[in-house]
Amino acid sequence: MPSNLPAMPIRDESKKMDVILDISNVTVRFGGVQALDDVSFKVSEGEFLCLIGPNGAGKTTLMRAVTGVINPQSATVRLAGRDISNLPTHKRVRMGLALTHQIVRPFRSMTVLDNVALTAGHRLISRISRAMISGNRSDARKQARKYLSLVGIEDVAKQRVVGQPLGVAKRLEVARALALKPKVLLLDEPLAGLNSVEAARLANTVADINRQGLTVVMIEHNLGEVLRVSQRLVVLDNGRKIADGSPVDVMQDPTVRAAYVGKERRYVAA
Ligand SMILES: Nc1ncnc2c1ncn2[C@@H]1O[C@H](COP(=O)(O)OP(=O)(O)O)[C@@H](O)[C@H]1O
Ligand SMILES: [Mg+2]
């Protein structure tokens, strides 16, 4: 894997980090269900933040509200200082928010390379058909190769997506997100379904990408990997933020432990 990501500045550890993503007062109700209740937190530039919490806590809903996929009852979202709360999703994406989904949805009959080239060629999901017929395809492919090698799947670039193992599909999703040239990479359970070896490898890849300067917000259930790679944890439970801090502090917090007990017992040991 190459060691430099051209578009991204190398993080200067000595510099005080600026807030890149400021999420405040996010409240979401689905009918009678209060999915999120006044959730706020800030993400610093260059940070690797993991968003955790039991199933149904509201993690995915929060990311959907932040990217404008759903309309929250209230929410203020600032990206690099600009209020993007009222922008449609494609504008938020263009301004630098890239969200991968829990469900991997590439164009299965196309090659791995073309899937990334499409995104690189246009950087606008809403205009994919135009990207396919427009020029600059070789340039987009060159960029796509760079992203594929960053996520470690350059060797299957010419193969069709259909039939690829889940590990490749997950990496492809990250490559497509990188092709959007985001300021913040939002990942929703990228390790789900992978075996422990593959999960550790993909977590390492994401950590590498983060070390090269890209801010990462990762929703993840695999607490072992979360604790290994993240710098900060935000914990949601029943739509509320119940903790925010260093992984060690957060995992020792009795409120956090209580949130997991009885719901997802297997995570308590981590
Ligand atoms: N589109 C929706 N319509 C109705 N309820 C929803 C919808 N999306 C999520 N919910 C509910 O909101 C809560 C939070 O869900 P979700 O954000 O998916 O949790 P998590 O990602 O933390 O597992 C759950 O109670 C879920 O059933
Ligand atoms: Mg979810």
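Ligand 1 is surrounded by Phe30, Val33, Ala35, Gly53, Asn55, Gly56, Ala57, Gly58, Lys59, Thr60 and Thr61 (near meaning a C-beta atom, placed from the backbone, within 6 Å of the molecule). The elements giving two or more residues to this shell are β2 and α1 (59–67). The largest share, 3 residues, comes from α1. By class, the shell holds 4 nonpolar, 6 polar and 1 charged residues; Ala, Val, Leu, Ile, Met, Phe, Trp, Tyr, Cys and Pro count as nonpolar, Asp, Glu, Lys and Arg as charged, and the others, Gly among them, as polar.

The model is predicted: local features need pLDDT of at least 70, side-chain atom pairs count only at pLDDT 80 or more, and totals for chains, interfaces and linings use all residues. Residues are numbered from 1 along each chain as its sequence is written, while chains are lettered from A and ligands numbered from 1 in the order in which they are written.

An open sheet is formed by 4 strands in the order β2-β1-β4-β5, with antiparallel pairing. Helices (H or I, at least four residues) and strands (E, at least two) are DSSP runs, numbered from the N terminus; strands pair if DSSP finds at least two bridges between them. At the edges stand β2 (33–44) and β5 (82–83), each pairing on one side only. Strands β1 (residues 19–30) and β4 (residues 74–79) share 5 bridges. Ile23 stands opposite Val77 in β4.

Ala144 is in contact (C-beta atoms, placed from the backbone, within 7 Å) with Leu113, Val116, Ala117, Ala120 and Ala179, leaving aside its neighbours within four places in sequence.

Terms used
Two residues are in contact if their C-beta atoms, placed from the backbone, lie within 7 Å.
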